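Reader: I would like to learn how to read a protein structure. Could you take me through one, feature by feature?

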Amino acid sequence: MLIKVFGSAVFGVEATTITVEVNIDKGIGYHLVGLPDSAIKESSFRIAAALQNNGFTLPGKKITINMAPADLRKEGSAYDLTLALGILVASGQIKAEDIADYLIMGELSLDGSLQPIKGALPIAIKAREEGFKGFILPKQNAKEAAIVDNLEVYGIDNIKEIIDFFEGKKSLDPTVVDTRDEFFAALESPEFDFADVKGQESIKRCMEIAAAGGHNIILVGPPGSGKTMLSKRLPSILPPMSLQEALETTKIHSVVGRIKENVGLMAQRPFRSPHHTISNVALVGGGSYPQPGEISLSHNGVLFLDELPEFKREVLEVMRQPLEDREVTISRAKFTVTYPSSFMLVASMNPSPGGYFNDPNAPVTSSPAEMQRYLSKISGPLLDRIDIHIEVTPVPFDKLSEERRGESSVEIRKRVIAARDIQTDRYTDLKSIHYNAQMGVKQIRTYCKLDKASKDLLKTAMEQLNLSARAYDRILKVSRTIADLEGSTSIAGDHISEAIQYRSLDREGWLG
């Protein structure tokens, strides 16, 4: 008897429906075809034990299973439940006339219980697109899949539940999630608050500008000056994610199985902080069967690279194209996948191997030549792609000992949101642009027009500091954000001059 059951495979952040054809005939043997990997080939042992422990058997006949399309590589253990049900129906052990109306995925334990799977959200989206009545999967992933409306999602704990469901012995209650309620309920108070930061008012200002325009930023300063502390508080002043951004972010984290159990939608912007020993594949994504890297996991959030010069040079250089295009394309011989990677890059570094500026009173001093050699580990093209460079100096004792709390993240966030609202209105007709950092050359020429005085000021700075064309564009973007924070429709000279101050690493002699 031939039966068809449906599962799904995830490539990139999109799912493809897999048709599992199970045929049972005279003879003996178990033949699994359709480019399955080792985890799928081993499923026969898990299925046999799970069926036996629940009162069923793996038929002693010739079982042929084809996973179509047969030329598409399938991987992972999430097809166990799909294969097991196909075998039970094809062998006549259970009746399930409407099994083709459901998409079924799940990894089986030997006792028949189910383990969570990866990619539940993109699979659910595909199931709805292709008109499936419902999606049956492990209960741990049910809330994640239930984000998708107009699709019945059934979370189960054991294979016996789904068998009883198809035979009409037991009804299953679909998991229901009110996406909007869940999303807004999760927008809680930030864990880290700028009110805890003593002094550093100029750096807070930089952070506010970076958050308002979505600009990349690098902090340069000695150990203990507060670079990491300030960076960890940046997400607390970023605007809340829109529902669309939350869905995009959840989808990426779902593919790699990073969604917490019984959690539906991710409402908080991601903050990723990889160690400097990370490989280039782990950073941008890839592998034999490509998976999203750290730059995609920080999509719509912040990627924090602490001690930037300690990262391998080739690791940093692979970020250059994603920083411009806000997506990364990974090509293999047989297929190509594209992952979104629209993130804010926040980097920190010491100015020298010893950690201090060229200061005779510092505990460990470095010569200007040593400092320059250390800084040269970061290429000019990468620095060009970072909009704001800022020096962070140690906080003096009188500031540290102050009892007065600084301005809270909530207050700063209000100004950031107001500036972002201005940008949202400005770019209403542009689908791919939502804030100033995403502007291309055409938009910069349209929205960053300067009067003669501002143009002369910028020209002087470009000539004296020997800035590149890309740095010119960065200054205009940052000055546009500064103007937005002030509610100004045009860019003035003071906006330009402040933006020029935030190109520290471009200035000759900034080392002292």
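Author: We will go from the overall picture to single residues. Please keep in mind that this is a predicted model.

Reader: Let's begin with the whole protein. How many helices and strands does the protein have?

Author: The protein has 22 helices and 18 strands. Its C-alpha atoms fill a box of roughly 85 × 50 × 45 Å, taken along the principal axes. Of the 512 residues, 54% are buried. The protein exposes about 22600 Å², and carbon and sulfur atoms supply 50% of that area.

Reader: How do contacts in the protein relate to distance along the sequence?

Author: Take the contacts between residues at least 6 apart in sequence: 73% of them join residues at least 24 apart.

Reader: Now sheets, please. What holds strands of a sheet together?

Author: Strands of a sheet pair through backbone hydrogen bonds, and the pairing is either parallel or antiparallel. Here, an open sheet of 5 strands runs in the order β11-β14-β17-β10-β18, with parallel pairing. At the edges are β11 (271-272) and β18 (388-391), each pairing on one side only.

Reader: Which helix packs on the sheet?

Author: Helix α8 (residues 201-213) does, touching β10 (217-220), β17 and β18. The direction of α8 makes about 170 degrees with that of β18.

Reader: What should I look for in a helix?

Author: An α-helix has 3.6 residues a turn, so residues three or four places apart point the same way. For a case, look at α4 (residues 120-129), which is mostly covered: 7 of its 10 residues are buried.

Reader: Which are the buried residues of α4, and what do they pack against?

Author: They are Ala120, Leu121, Pro122, Ile123, Ala124, Ile125 and Ala127. Their packing partners include strands β1 (2-11), β2 (14-25) and β8 (134-138), and also helix α10 (243-255). After α4 comes Gly131, with a positive phi near 80 degrees.

Reader: Next, aromatic rings. How many aromatic pairs are found in the whole structure?

Author: A search finds 8 aromatic pairs. In one of them, the ring centres of Tyr102 and Phe166 are 5.7 Å apart and the planes meet at 75 degrees; planes over 60 degrees apart count as edge-to-face, so this pair is edge-to-face. The two residues are 64 apart in the chain, with Tyr102 in strand β5 (residues 102-104) and Phe166 in helix α6 (residues 159-166).

Reader: Are Tyr102 and Phe166 buried or exposed?

Author: Residues under 20% relative accessible area count as buried. Tyr102 has 2%, so it is buried, and Phe166 is buried at 9%. Ring pairs also link Tyr102, Tyr154, Phe165 and Phe166 into a cluster.

Reader: Where is Asn300 found, and what is its phi?

Author: Asn300 is in the loop between α12 (294-297) and β14. Its phi is positive, near 70 degrees, and Asn300 is buried with a relative accessible area of 9%. Another case is Arg326, which has a positive phi of about 60 degrees although it is not a glycine. Arg326 lies in the loop between α14 (320-325) and β15 (327-331) and is buried at 16%.

Reader: Let's finish with Asn54. Which residues is Asn54 in contact with, leaving aside neighbours within four places in sequence?

Author: They are Asp111, Gly112, Asn158, Ile159 and Lys160. A polar atom of the Asn54 side chain lies 3.2 Å from the backbone oxygen of Asp111. Asn54 is in the loop between α2 (43-52) and β4 (62-68), and at 15% relative accessibility it counts as buried.

How values were computed. Residues are numbered from 1 along each chain as its sequence is written. Side-chain values use heavy atoms; hydrogens and water are left out. Two strands pair if DSSP finds at least two bridges between them. Helices (H or I, at least four residues) and strands (E, at least two) are DSSP runs, numbered from the N terminus. Contact means heavy atoms within 4.5 Å. Axes are lines fitted to C-alpha atoms, for helices over the stretch in contact, and angles run from 0 to 180 degrees between N-to-C directions. Buried means under 20% relative accessible area, exposed over 50%, partly exposed in between (1.4 Å probe, protein chains only). A polar contact is a pair of N or O atoms within 3.5 Å; within protein, one must be able to donate a hydrogen and the other to accept it, and residues adjacent in sequence count only if both atoms are side-chain atoms. Accessible areas come from the Shrake-Rupley method with a 1.4 Å probe; for residues, only the protein chains shown count as cover. Rings of Phe, Tyr and Trp (its six-membered ring) pair if their centres lie within 6.5 Å; planes under 30 degrees apart count as stacked, over 60 as edge-to-face and the rest as tilted.
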